Amino acid sequence: MYDQFLYGTEAAINGLMTGVMYSLVALGFVLIFKASGIFNYAQGVMALFGALTLVGIQSGQVPFAGIINAIFGTNIQHFGWTVPAVAAIILTIGVMVLFAWLVERYLLKHLVNQEPIILFMATIGLAYFMEGVGDLMWGSNIKKIDLPIPQGINETIDSLTYDWFGYGFYIDNLDITAAIISVFLVVALTIFSQYSTTGRALRAVADDHQAALSVGISLRKIWVIVWGIAGFIALVAGVMWGAKSGVQFSLSLITLKALPVLMLGGFTSIPGAIIGGMIIGVGEKVFEFIVSSSWFGDFMGFTMNATENWFAYVLALVFLVFRPQGLFGDKIIERV
Amino acid sequence: MKLTKLAAYAVAGAMLASPVMAELVFPSLSYRTGPYAANGTPVADGFADYMTLLNERDGGIGGVMTNVIECETGYSTEKGVECYEATKGEGALIYEPLSTGITYQLIPKTTADDIPMLTTGYGRTSAADGNVFSHTFNFPANYWTGASVGINYLLSENGGSLEGKKIALLYHNSAYGKEPIRTLEALAEKHGFDLTLLPVDHPGQEQKSQWLQIRRERPDYVLMWGWGVMNQVAIQEASNIRFDMNNFIGIWWSGSENDVAPAGDAADGYKALTFHAVGTDFPMFDDMQKYVVDAGLASGTGEHVGTVLYNRGMYGAMLAAEAVKVAQEMHGTADITASMMRDGLENLVISDETMAAIGLQGFAPNFTVTCQNHGGPGLGAVQQWDAASQSWSLITDFIAPDMDVIQPLIDADSAAYAAENNIEPQCN
């Protein structure tokens with residue numbers, strides 16, 4: 001039984017860490033939803049696009065090489081240089097900000113005052129468009145991220161827990177790194193929104209578009225800033241998930257992991273995204289641990305596996321019944 | 001003026017009315033977009049490039065040019081069926097749908113339309129029973145033979161006994177991933193090893209629970225039936241928990257360069273099954289370079305030539321082309337129909353002579369297709385990844401599966417399908 005307790009604790013800690021990885025994706029959704037009321041379906045593709053662009057720039061890949069070669073009959077794939085990691089990150093952030101500007105200029109500007117469902121549909125279109133552009137720009141090959149991100153079992157935790165409990169816990173260094181980055185992001189975003197002029201303007205827009213406009217806040221400028229920040233967070237999420245699996249087009253599917261986090265944490269709360277992610281992470285890992293264990297099988301007569309995907313949604317749905325706005329979301333009050 | 005116009009119309013009309021040049025149509029149900037694009041692209045390139053090679057070097061097959069009609073499925077079963085319906089009227093000779101899901105949907109359709117289907121290394125395993133599945137072929141290997149080859153390899157590594165060993169199957173929680181379970185359960189009973197089943201939900205980006213369980217239970221070997229991102233994450237997680245890569249063996253859809261690249265040096269020693277050779281060390285590839293890549297006619301950039309999945313696509317095209325030759329000879333015409341193509345597939349003989357003539361001697365095993373056996377011998381080999389040289393190499397000869405275990409499973413499954421669909425045995 002002591003062994004099972006240790007295994008369960010290990011599963012719970014890993015769940016916490018995995019939940020933080022989910023939160024990284026959910027954070028981008030929250031930012032955009034807070035500022036513009038748009039559920040941005042393209043957030044997962046933004047993570048993919050950001051990571052693709054970073055690897056492409058860093059490795060000196062020629063963007064749109066396929067099209068260029070087809071038109072001019074050339075066979076160029078690489079510039080023949082590599083870009084240092086820091087410069088590549090800065091350039092990629094620049095691309096994501098440019099993307100934010102383009103989205104505002106050619107999409108959002110034309111959809112002001114439209115129903116939320118129309119804005120949502122527009123982001124679905126945006127997701128497919130970006131996926132296609134990403135493929136044309138950088139190709140569909142799986143790419144390895146060349147950043148010094150620690151990965152693998154954390155030896156210190158392994159040996160410490162072994163000394164203490166007689167069983168070494170497995171915690172992935174990548175997950176620890178993601179947790180540190182997430183904490184940093186939440187603190188930075190909170191300080192930005194509480195104490196900077198732009199942050200206050202952002203909050204004003206989030207509270208009431210009309211009132212914000214009436215005091216001279218530029219809605220369009222705020223949208224560019226918010227989409228730019230969401231693009232940066234998407235880049236971070238893409239890099240962290242891409243470090244695990246390589247940068248590939250299935251990265252866009254990480255959106256599926258963010259949805260229950262948002263339902264649970266609330267669509268408008270930055271801390272909610274983190275806490276929601278942790279609850280989902282711990283819940284799904286502990287549940288999987290319990291229902292797949294032999295003692296559960298002995299007791300119930302059956303075991304279950306691969307429960308994580310559906311359990312996350314079931315957990316979120318249970319929360320929805322009692323708190324439709326999520327744990328930290330704004331309470332919706334409809335006045336007649 | 002009117003006369004000039006009339007003359008122009010007459011010439012145009014005559015051109016349109018002239019007989020259409022015969023061609024051999026091969027629809028390619030590819031997926032160059034979506035989450036599995038990285039795998040679908042080299043397979044489609046290999047298939048298209050081999051057909052281009054035949055056109056450029058040999059003037060087609062039997063003097064008739066080949067025409068590959070590519071249709072994008074995005075690895076979606078619905079789109080795959082749409083592609084089938086959209087292309088079957090173009091004179092399609094054969095379908096290779098590159099997806100187990102699409103295969104299941106097309107089995108009744110292709111049978112009704114009298115168009116053969118070749119599902120090399122995937123699809124419905126019991127389609128190996130040609131008595132029931134008249135239009136579906138899955139030579140030279142299928143999932144059940146793959147599972148058995150994997151176990152036979154482990155038997156050879158353990159002095160012929162797996163008694164008391166613990167083997168875990170990490171599988172994609174889908175029809176594809178579940179395919180080897182029945183075979184492995186039967187083999188576990190026969191050889192006395194303990195089988196643990198570890199499903200991973202689609203797409204497989206998160207596998208922490210499964211690898212924590214592997215770390216706790218310490219199986220001697222892990223077999224993997226994965227696809228797409230599941231493979232890369234599994235190999236990374238295995239290295240994270242310091243699982244010995246020499247004891248980690250994937251099916252052939254978990255053994256491409258794409259699967260090991262993200263883990264870098266940590267993937268060194270990882271093994272996978274295969275039913276064909278790797279690399280470009282065969283004379284055919286010299287022709288491929290000369291007539292297709294250097295001539296600027298390659299389907300892609302040419303960078304995939306010789307990679308595992310490119311070779312698999314090329315091998316699929318080669319098998320189809322050889323079946324065309326058999327059909328042309330059987331029916332005495334170069335311009336064959338889909339029905340004739342089916343006959344060609346059912347009478348296909350791949351021998352040393354055949355492979356040597358193509359320039360691929362030793363690339364894949366010899367086999368003979370019959371009316372009863374659409375599945376071939378099921379031979380498979382083991383390949384291993386060397387991270388230093390960034391290459392796969394075969395570390396075994398082609399190993400035979402345990403047909404004593406597999407054949408009864410195939411017979412039972414195909415008999416159930418026949419009963420369900422009122423199918424009379426076609427072979428006498």
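**Close-up 1. Asp135(A) and its contacts in chains A and B.** Setting aside residues up to four places away in sequence, Asp135(A) touches Ser140(A), Thr33(B) and Ala37(B). Please keep in mind that this view, like those that follow, comes from a predicted model. Asp135(A) sits in helix H5 of chain A, which covers residues 116–138. Is Asp135(A) buried, partly exposed or exposed? With 19 other C-beta atoms within 10 Å, Asp135(A) is partly exposed, because being buried takes 20 or more.

**Close-up 2. Val226(A) and Ile233(A) in the largest nonpolar core.** This core holds 223 residues, and the members that touch the most others are Val226(A) and Ile233(A). Helix H10 of chain A, residues 219–245, makes the largest contribution to the core, with 18 residues. Chain B takes part as well: domain 1 (22–141 + 283–377 + 413–420) and domain 2 (143–274) of chain B both give residues to the core, so it lies between them. Which residues does Val226(A) touch, leaving out those up to four places away in sequence? They are Leu31(A), Ile32(A), Ala35(A), Ser36(A) and Leu202(A).

**Close-up 3. The two domains of chain B where they touch.** The domain assignment divides chain B into domain 1, made of 22–141 + 283–377 + 413–420, and domain 2, made of 143–274. Between the C-alpha centres of these two domains of chain B lie 28 Å. Where they touch, 12 residues of domain 1 of chain B are in contact with 15 residues of domain 2 of chain B. On the domain 1 side of chain B, helix H2 (37–58), helix H4 (100–113) and helix H12 (308–331) each supply at least two of the residues that touch domain 2.

**Close-up 4. Helices H5(B) and H15(B) crossing.** Here you can follow helix H5 (residues 143–157) of chain B as it meets helix H15 (residues 403–420) of chain B. Their axes come within 10 Å and cross at roughly 160 degrees. H5(B) and H15(B) are therefore roughly antiparallel to each other, since angles over 145 degrees count as such. The crossing in which H5(B) passes H15(B) is right-handed. Which residues meet at this crossing? From H5(B) come Trp144(B), Thr145(B) and Ser148(B), and from H15(B) come Val405(B), Ile406(B) and Leu409(B).

Methods. Residues are numbered from 1 along each chain as its sequence is written. Chains are lettered from A and ligands numbered from 1 in the order in which they are written. This is a predicted model: local features need pLDDT of at least 70, side-chain atom pairs count only at pLDDT 80 or more; totals for chains, interfaces and linings use all residues. A nonpolar core is a set of buried Ala, Val, Leu, Ile, Met, Phe, Trp, Tyr and Cys residues joined through C-beta atoms within 7 Å. A residue is buried if 20 or more other C-beta atoms lie within 10 Å of its own, exposed if 12 or fewer, and partly exposed in between; C-beta atoms are placed from the backbone. Helices (H or I, at least four residues) and strands (E, at least two) are DSSP runs, numbered from the N terminus. Domain bounds come from an automatic or database domain assignment. Two residues are in contact if their C-beta atoms, placed from the backbone, lie within 7 Å. Axes are lines fitted to C-alpha atoms, for helices over the stretch in contact, and angles run from 0 to 180 degrees between N-to-C directions. Angles under 35 degrees count as roughly parallel, over 145 as roughly antiparallel, 65 to 115 as roughly perpendicular and the rest as oblique. A crossing is left-handed if the near helix is turned anticlockwise from the far one by less than a right angle, and right-handed if clockwise.
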